[in-house]
Amino acid sequence: MFYRMKKKLLLLFLSIAFCGMAQQLTLKKGTIIDNIPVNDSVPENFALYLPNSFEISKEWPIVFVFDMQGRGRQALSMFRQAAEEQGYILAASNNVHDSITLSKNILISNRMFNTVYSLLPVKKSRSYTAGYSGGARLASLIPTFVKEIQGVISCGSAVANEGVLSNKNRFHFIGIVGNEDYNYFPMLENQKLLNKLKFPNQLLLFDGGQKWPDSKYLSKTMEIFTLAAMGKGNEPKDDTFIDTTYKTTLGE
């Protein structure tokens with residue numbers, strides 16, 4: 001009974017939050033919802049995923065996932081299991097595209113960020129970007145322009161433009177790449193540069209070529225971000241989580 005009441009309150013909260021837009025939306029947990037309007041003034045929309053553990057009474061970490069063909073639902077489907085396991089919100093624009101300029105993609109992304117921040121209890125200090133290939137390159141550029149973004153999950157791509165990296169604007173970079181991917185060696189070199197600039201970073205390797213990594217690697221990146229947030233004081237220290245993660249890592 002209490003669970004059903006909380007779920008009804010959540011749906012009511014989200015329905016009220018979207019009042020004033022062109023349409024009123026009811027968002028459900030545990031499923032990808034597509035085509036959520038950014039606002040009434042621009043024809044842009046995004047996909048969203050709320051984990052089943054989501055509650056409005058606390059703030060949540062979020063990963064903004066990028067696909068350079070504007071396939072938000074498809075992009076979120078790759079991260080859905082990891083987000084469910086680690087307790088992260090996911091969002092992905094349906095309007096970023098490799099056929100438009102970087103500045104336009106940044107503006108589109110920023111409008112989505114602002115909408116999500118205004119509607120959901122997101123902890124801004126735990127905002128991250130992610131993507132695969134071209135989407136990963138855009139994800140790695142956004143922290144330069146959007147200060148809220150604290151980390152990047154880059155699947156199969158080094159940082160898009162090493163020239164924009166600055167030790168005055170560090171973010172946490174986690175790369176994932178197959179050992180047969182042609183991006184393998186560039187990402188090794190990228191790690192050396194990040195170490196030189198004292199960027200917190202990890203490089204996760206798997207057997208295989210140019211493809212999406214298994215969900216366990218995506219889950220590991222979120223786990224790393226959570227531990228890092230605890231270390232920085234941006235997340236309450238959870239001894240059980242730390243102990244479980246340590247034991248699991250030793251067993252790998």
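In this predicted model, helix H2 (residues 72-86) packs against helix H6 with the two axes 8 Å apart and at an angle of about 45°, where axes are lines fitted to C-alpha atoms, for helices over the stretch in contact, and angles run from 0 to 180 degrees between N-to-C directions. H2 and H6 are therefore oblique to each other, given that angles under 35 degrees count as roughly parallel, over 145 as roughly antiparallel, 65 to 115 as roughly perpendicular and the rest as oblique. The contact (heavy atoms within 4.5 Å) involves Met-78, Phe-79, Gln-81, Ala-82, Ala-83, Glu-85 and Gln-86 on the H2 side, and Ser-215, Leu-218, Ser-219, Met-222 and Glu-223 on the H6 side. By class, 6 of these residues are nonpolar, 4 polar and 2 charged, with Ala, Val, Leu, Ile, Met, Phe, Trp, Tyr, Cys and Pro counted as nonpolar, Asp, Glu, Lys and Arg as charged, and the others, Gly among them, as polar.

Helix H6 itself comprises residues 215-232 and spans 26 Å from its first C-alpha to its last, close to the 26 Å expected at 1.5 Å a residue; the expected span of a helix is 1.5 Å times one less than its number of residues. Because 13 of its 18 residues are buried, H6 is largely enclosed by the rest of the structure; buried means under 20% relative accessible area, exposed over 50%, and partly exposed in between (1.4 Å probe, protein chains only). Gly-233, with a positive phi near 85°, follows H6. In helix H2 lies Gly-72, which counts as buried at 2% relative accessibility. Apart from neighbours within four places in sequence, Gly-72 is in contact with Ala-47, Ala-92, Ser-93 and Asn-94, and its C-alpha atom is separated by 8.4 Å from that of Asn-95, 23 residues apart along the chain.

Of the 12 residues of H4, 9 are buried, including Gly-134, Leu-138 and Pro-143. The elements covering these buried residues include H3 and the strands E3 (60-66), E5 (122-132), E6 (149-155) and E7 (172-178).

In the loop between E5 and H4 lies Ser-133, whose phi is positive, near 55°, in a residue other than glycine; Ser-133 is buried, with a relative accessible area of 19%. Asn-35, in strand E1 (residues 32-37), likewise is not a glycine and has a positive phi of about 60°, but Asn-35 counts as partly exposed at 47% relative accessibility.

Over the whole protein chain there are 7 helices and 8 strands, defined as DSSP runs (H or I, at least four residues, for helices; E, at least two, for strands) and numbered from the N terminus. Of the 252 residues, 51% count as buried. Residues are numbered from 1 along each chain as its sequence is written, and side-chain values use heavy atoms, with hydrogens and water left out. As the model is predicted, local features need pLDDT of at least 70 and side-chain atom pairs count only at pLDDT 80 or more, whereas totals for chains, interfaces and linings use all residues.
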